Amino acid sequence: MDWEAHIGQWSTAAVRLQDIRHCSVKLGNIPGGFIAHSGFFVVTTQGEAKASLSGTACLARSPHILHGGSGAELRFAAFSDTFSCYLILYDVVAASGEGQNSLHTPYAFTPHASLILQEMCQSMERLWRQSDPLERLQAQSLFLPFVHEVLRQARTAAAEKGRPDIVSESVRYLNEHYKMPITAEDLASRQNCSSSYLSRLFKNQLGISPIDYLIHVRIFKAKQLLLDSEARIQEIASGVGYGDVYYFSRLFKKHTGLSPLQYREQNQRVVQYNPLQLSKSSIETSWPLHHNENESYYQWDREGETSMFRFSRPAFGAMMLLCTTLLLSACQAAAPVPSSSPTAAAAQPEASASAAATAATENGAGETRMYEHLKGKTKIPAKPQRVVSLFHLGELIALGVKPVGATTFILQNPFISDVSDITDVGVPPDLEKMLALEPDLIVTTAAFAEATEGGYEALSQIAPTIVVEQNNDPIKDVEMFGDILGKQEEAKQWNEEFTAKIAEYKEKISPYVGADETFSILNVRSEAIFIYGDSNMGGNIIYKYLGLKPTAKVESDVINGETWEISSEVIPEFIGDRLFLAVNEGAEENLKKVEKLIQSTPAGQNGKVYSIDFDEFLPSDPIAVDKQLDIIADLLMEGNK
C-alpha cells in the first residue's frame, strides 16, 4: 500500500465523525454483520475475533486496527466472552474525485502503541454520548488526531517492518503530553516493557532517564511561555505540568540558575534588540544531573495537549531567508577600499575562508554522493568538513575527525580529553546553535532526531542529515563512519589493529582464567542495583570480544531478556566466579547493605571482585572500549599474580 499517497489524501479531505460505539460480547452489541455506508475503523481492545471484510477474513486479536470504506461488508465472530472493540463511523470527502477510492482503502495492522489509541477512543466515545452539543463538538475535534495516530503507526510499521524504536516513541509521547501526569511506570506500560528496561534504553541512547527528559521538556516550554506571553507564573507552572507553583519555581531555578521572573526580565531585554526575535539563551538549559523520583508526581490539573518539540518550518524558512537577504545586502553594499583600511583588514578573514574553501574543494570536499540511511537516501559531501554528530563522537575521533558540534552526553566521555573547538549543542539539541556552526553534515540517531525540535525535517533544513543505527559495536561503528566520512582506509586500519589487540589480550589472559569460570557485572547506585549484559559497562568486552562466560542467570534474564534493575536479595543468583563491580558516587550506604550478599558469592569468597569506574565504563564508543579493554585485561592479569 502507498501510505504516502493515502496520507496525502487524508491531509486535504473534509472529514466528519458520524458515530462511535463501544462494542463487547458482555454488552451484547457486537455487530454480527452489516454493509457500511461510510468509512469505519474497528479498534480491538480486548480478546480476539474472526473479522470478515467483504469476504476477506482476518484475525482481530487485541491490539488490532481494521479500516474499511463505504460499501464494504463487515462481519464479526467473537472467539471469547472477553472480546471488545470500538466501532468508529465517519464521512469523508476527498479534495479531488480520484482520491475518494484511496480514502476507502481497506487495511488491517497491529499497532505498536495501542494504549494511546484506546485512550483516544474512550475520550471520543464518552464525549459523543453526551447530549451537550459542545461535548459532541469536542468529540469531533478528537477524531482527526485519532486518524493521524493510526496512520502514523501504520506507516511506521510498514517502513520499519518490525517494532519501532522504543525510545523514539517514548520521546514523541513525552513531547506531546508533557502537561499530563506521567510516571516512569506509565510511560513503560505504553511500550509494553518494564520501567527499568525503558530507563536503561534512555540512558543508553540519550544519556538521561525518561523523567529527567520530561523535566527538561517542561522547563524548555516554561522558558518559551515566559518570553512569548505575559502569563502569570502560576499559569505557566500549570501549563507545563506542575500544580505547585513553589515547587515549579524551585525546579526552574535548579535547572537555569534563575527564578522564572528573573529569567523573563533578563532574557526579554536580549530579545527586544534581536531582529529575528530569537534568543540563544532562551532555549538553553543546564544538564539535568540528578533526579528526585518525587518530581514525576507533580501534575497538571487541567486538560490539554500541545506539541513541544515541533519546529515551525515557515518560521525557520523566514529566518533563513532574512539571514540570507541581510548577508547579500551587506556584500552588495560593500565598496572597494584601500588594503590598509580597517574594512580591508576585516575582509581578510573572508578571503582566508574563501581560500580554505577552495583548498577543501581541491581535496574532494566539494564532491557529493548519495547515502542510504534510516530515513531514505540523502545527498551528502563525499568528504564532510564540518560535521555535527548528536550521538557518535569516539567514532569520529578514532578516524582523526573532530566534529564542530556534539551533544552534552557524548562530550562527557572521560577518555576523550580534547573537546576544545567542539560546541555543546545541548540535550535536546539546540537548532540555533547547530545553525550557527554552519555544518555540511549532521549525523544523528533516531532517538536524537525525535528529541530535536521539529525532528528530522528541521535538522535537514540546516544541513544534509542522516539517521544512523546505534550499534554499540566499535568495529561496526568505525566501519560505518569510515564510509560516511570518506575515511575507509583509516577505518580498516583501526579495525585491524583493534581485532589484533583483542587476540593478543585473549592469549595473555588465558593462563589466568579457567575455561568454565563465569563472569558478572554489577552496578550499585544510591537507591538501586543493576546487573549488566553484553552491550556496555564492559559487557561487550567481557562476553563478546574476550569470549568469557556469563552466569546462566545473566545470559537468560539479562542478555536474552529485559532484566536490568534487580533487588538486593537476588544478587547471589546473578554473580558467578568473578565480578566486576561499579559503585556510583553517593552509593556507599547502599553498598554496605549488600556487601555481605556479594561476599557470599563465589566471586566474593575467592577474592575475585574487581572495582571499575562507572563513568569510565558507561560509554561504548571505539575510544572508550579500547581503553576499557586495557583496564579489564590488566585487572584479570594483575589480580592473579
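Domain bounds in these legends come from an automatic or database domain assignment. The structure is a predicted model, in which local features need pLDDT of at least 70 and side-chain atom pairs count only at pLDDT 80 or more, whereas totals for chains, interfaces and linings use all residues. Residues are numbered from 1 along each chain as its sequence is written, and side-chain values use heavy atoms, with hydrogens and water left out.

View 1. A cavity is a set of points, on a 1 Å grid over the protein atoms alone, where a 1.4 Å probe fits but cannot get out, and its lining residues have an atom within 4 Å of a point. Grid points are joined across faces, edges and corners, and a volume is the space filled by probe spheres set on the points. A search of the whole structure gives two cavities of 30 Å³ or more, and the largest cavity holds about 90 Å³ of space. Its lining consists of A113, L115, I116, E149, R152, E169, R172, Y173, R190 and Q191. Two or more lining residues come from each of helix 3 (114-128), helix 4 (133-160) and helix 5 (166-177), where helices (H or I, at least four residues) and strands (E, at least two) are DSSP runs numbered from the N terminus. Helix 5 gives the most, with three residues. Domain 1 (3-160) and domain 2 (166-264) each supply at least three residues to this lining. By class, the lining has four nonpolar, one polar and five charged residues, counting Ala, Val, Leu, Ile, Met, Phe, Trp, Tyr, Cys and Pro as nonpolar, Asp, Glu, Lys and Arg as charged, and the others, Gly among them, as polar.

**View 2. The packing of helix 5 against helix 7.** Helix 5 and helix 7 (residues 195-205) pack at an angle of about 95°, with their axes 10 Å apart; axes are lines fitted to C-alpha atoms, for helices over the stretch in contact, and angles run from 0 to 180 degrees between N-to-C directions. The two helices are therefore roughly perpendicular to each other, a term for angles of 65 to 115 degrees. Contact, meaning heavy atoms within 4.5 Å, is made by I166, V167, S170, V171 and L174 of helix 5 and by Y197, L198, L201, F202 and Q205 of helix 7. These residues divide into eight nonpolar, two polar and no charged.

**View 3. The crossing of helix 8 and helix 10.** The axes of helix 8 (residues 210-228) and helix 10 (residues 245-256) come within 11 Å and cross at roughly 95°. Helix 8 contributes I215, I219, A222, K223 and L226 to the contact, while helix 10 contributes F248, L251, F252, H255 and T256.

View 4. Most residues other than glycine have a negative phi, and most peptide bonds are trans. A cis peptide bond joins S62 and P63, with omega about -5°, and P63 is found in the loop between strand 5 (56-61) and strand 6 (64-68). A cis bond also joins V427 and P428, with omega about -5°. E438, in the loop between helix 16 and strand 15 (441-444), has a positive phi near 50°.

Note on methods. On a 1 Å grid over the protein atoms alone, a cavity is a set of points where a 1.4 Å probe fits but cannot get out, and a pocket is an open set with protein on both sides within 12 Å along at least five of seven lines; lining residues have an atom within 4 Å of a point. Angles under 35 degrees count as roughly parallel, over 145 as roughly antiparallel, 65 to 115 as roughly perpendicular and the rest as oblique.
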